[in-house]
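Try each task before reading its solution.

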Amino acid sequence: MTNDRFMLIHDPELQARGERVLGAEFRAMSERVVRATELTSRLNVLPFDDEAGRAALFEQILGRPLPARVTIYPPFYTDHGLRLELAERVFINQGCTFLDYAGIRLGGGVMVGPKATFITMGHPVDPDERRRFLSGAPIDVAENVWIGAGATILPGVSIGRDAVVAAGTVVADDVPPASLVAGSKGTVRRRW
């Protein structure tokens, strides 16, 4: 992505001539999405006890072996995989989605509940820009955080050490360390 956190979808020179040709960065990203989707679809149909098969597919999805003592229960979904950084002792429950093109980091000991979603990319709100650009920002989750079932973490969010995100919460703003956020707006409810 460019420094201004926007990626052009179409090649601007060709688009100026009336041609709708995907830009190089967008084309490379979409090719990786196809590959990651292929790999995760194979991962998600493996028998649960095929640990060697899962490990081999995760290595292809992430571009490196899983760190020590990382547990991921399928089904598992990612659109890119190569920008998902997992520290040791991360636990990811079933049905989680990681749209990681702009980067997602999960610190040591992070626990992610089932069907949690991490989204680093989207489209601008402005209708004139919506089909022209993708926008995004990385997600950073510090050590020992618990993300509850069905939580949604949006682009650019940092979650502080020891924090808890309650089930079903939509997190659009940074979460302070040692705090509980809950509700559709991700409001701090308690600190310790």
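The exercises below concern ring pairs and charges over rings in this predicted model.

**Exercise 1.** Determine how the rings of F48 and Y73 are arranged, and which parts of the chain they tie together.

*Solution.* Next, place the residues: F48 belongs to the loop between α2 (24–43) and α3 (51–62), while Y73 belongs to the loop between β2 (71–72) and β3 (76–78), so the pair ties together parts that are 25 residues apart in sequence. Finally, Y73 is partly exposed, its relative accessible area being 30%.

**Exercise 2.** Classify the pair F98 and F118, and state whether these residues are buried or exposed.

*Solution.* For F98 and F118 the centres lie 4.8 Å apart and the planes at 10 degrees; planes under 30 degrees apart count as stacked, and therefore this pair is stacked. F98 lies in strand β6 (residues 96–99) and F118 in strand β9 (residues 117–119), so that parts 20 residues apart in sequence are tied together. Both F98 and F118 are buried.

**Exercise 3.** Find which rings the charged ends of R54 and R83 sit over.

*Solution.* The charged end of R54 sits over the ring of F48, at 4.8 Å from the ring centre. The charged end of R83 sits over the ring of Y101, at 4.3 Å from the ring centre.

Methods:
Residues are numbered from 1 along each chain as its sequence is written. This is a predicted model: local features need pLDDT of at least 70, side-chain atom pairs count only at pLDDT 80 or more; totals for chains, interfaces and linings use all residues. Side-chain values use heavy atoms; hydrogens and water are left out. Rings of Phe, Tyr and Trp (its six-membered ring) pair if their centres lie within 6.5 Å; planes under 30 degrees apart count as stacked, over 60 as edge-to-face and the rest as tilted. Helices (H or I, at least four residues) and strands (E, at least two) are DSSP runs, numbered from the N terminus. Buried means under 20% relative accessible area, exposed over 50%, partly exposed in between (1.4 Å probe, protein chains only). A charge sits over a ring if NZ of Lys or CZ of Arg is within 6 Å of the ring centre and within 35 degrees of the ring normal.
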